[in-house]
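This report covers helix packing, selected residues and salt bridges. The sequence and structure come before the discussion.

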Amino acid sequence: MSFSTLIGLFAGISIVLVAMTMGSSLALFINVPSVMIVVGGTVAATMIRYSMKESFSAIGMSFRVLRTDHQIKDLNQLIDITEELLRINRLKGPLAMEGYEINHDFYRDGIRMLVDGYSSELVKQALKEKNRLLIDSAETSAGVFRAVGDAAPAFGMMGTLVGLIQMLANLSDPGSIGPSMAVAMLTTLYGAMIANLFALPMADKIESWAQGESYRQMMIIEAIESITEGHNPAVMRDLLAPYLQGRKKVEVDG
């Protein structure tokens, strides 16, 4: 998980929990009807807007974005690997590259296709398609979380209205006023927390991650093309230099 994400989640949850427990019990903020309205309603609304497959895919994408992996993210390191592969390809041929360990799935797949005898154009086409699918999947997943972020506050407001109606309908019974007000207030709180502490930040995180990963993949496509063309290392570095100049725009902390 990226350091900033970890700090943000921990700080956000901690601040809210501390504020809740100051002067009252945390149990005061737990209300089953409120949870049912907000969580159940949000899930239902999201499933209407997106298919079940897309919804579960978004959950998988969120774990993929947040988990700590050991794939190479540094562009300079990818260029160093490309230089080594260039030397191996020029001295020993494409088959010799099969034994070179590459700690990046996308790059490794491209080299595997070259070793298997795919043409340069076919490799480039296949990798660009994988890159496009990544962007499409990330956009859909971000859309799912934005749908959650839109629906949760709306159902929070609906829960508030439900609680107020129940309260106004039972003003003659003082014992019902407290539970009704709890539903009214807590649903708004739950909706705001789900949207602003989880769903909307996750949508932005997925988009940011996908942008950075797509940027690396496009550089890798150029690197593999340089290998197939048999460029010398200096030419290869010149061709990939523009990616290094623009990397700060899409860097993702690891």
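Just after H5, Gly117 takes a positive phi of about 95 degrees. The structure is a predicted model, in which local features need pLDDT of at least 70, side-chain atom pairs count only at pLDDT 80 or more, and totals for chains, interfaces and linings use all residues. Residues are numbered from 1 along each chain as its sequence is written, and side-chain values use heavy atoms, with hydrogens and water left out.

**Helix H5**

Helices (H or I, at least four residues) are DSSP runs numbered from the N terminus. H5 spans residues 105-115, and its buried residues are Phe106, Tyr107, Gly110, Ile111, Met113, Leu114 and Val115. Buried means under 20% relative accessible area, exposed over 50%, and partly exposed in between (1.4 Å probe, protein chains only). The buried part of H5 packs against helix H4 (75-92), helix H6 (120-169) and helix H7 (174-229).

**H4 against H7**

The axes of H4 and H7 are 10 Å apart and meet at an angle of about 20 degrees. That angle makes H4 roughly parallel to H7; roughly parallel is the term for angles under 35 degrees. Axes are lines fitted to C-alpha atoms, for helices over the stretch in contact, and angles run from 0 to 180 degrees between N-to-C directions.

On the H4 side, the residues are Leu75, Leu78, Ile79, Thr82, Leu85, Leu86 and Asn89; they meet Tyr215, Arg216, Met219, Ile220, Ala223, Ser226 and Ile227 in H7. By class, this contact of H4 with H7 has 10 nonpolar, 3 polar and 1 charged residues. Here Ala, Val, Leu, Ile, Met, Phe, Trp, Tyr, Cys and Pro count as nonpolar, Asp, Glu, Lys and Arg as charged, and the others, Gly among them, as polar.

Ser226 lies in helix H7 and counts as buried because its relative accessibility is 3%. Not counting residues up to four places away in sequence, Ser226 touches Leu86, His231, Met236 and Leu239. Contact means heavy atoms within 4.5 Å.

Ile37 is in helix H2 (residues 32-49) and is partly exposed, with a relative accessible area of 24%. Its contacts, leaving aside neighbours within four places in sequence, are Thr42, Phe155, Gly159, Val183 and Thr187. Of these, Gly159 is 122 residues from Ile37 in sequence, while the C-alpha to C-alpha distance is 6.2 Å.

**Salt bridges**

A search of the whole structure finds 13 salt bridges, each a side-chain nitrogen of Lys or Arg within 4 Å of a carboxyl oxygen of Asp or Glu.

| Salt bridge | N to O distance |
|---|---|
| Asp116 and Arg112 | 3.4 Å |
| Arg132 and Glu129 | 2.5 Å |
| Asp204 and Arg146 | 2.5 Å |

Asp204 lies in helix H7 and Arg146 in helix H6, so this pair ties together parts that are 58 residues apart in sequence. Asp204 is partly exposed, at 41% relative accessible area, and Arg146 is partly exposed as well, at 28%.

Arg132 and Glu129 both lie in helix H6, 3 residues apart, about one turn of the helix. Arg132 is partly exposed at 39% relative accessibility, and Glu129 is partly exposed at 35%. Arg112 counts as partly exposed, with 43% relative accessibility.

Elsewhere, salt bridges link Asp80, Glu83, Arg87 and Arg237 in a network.

Definitions and conventions: Helix = DSSP H or I, 4+ residues; strand = E, 2+ residues; numbered from the N terminus. Parallel < 35°, antiparallel > 145°, perpendicular 65-115°, else oblique.
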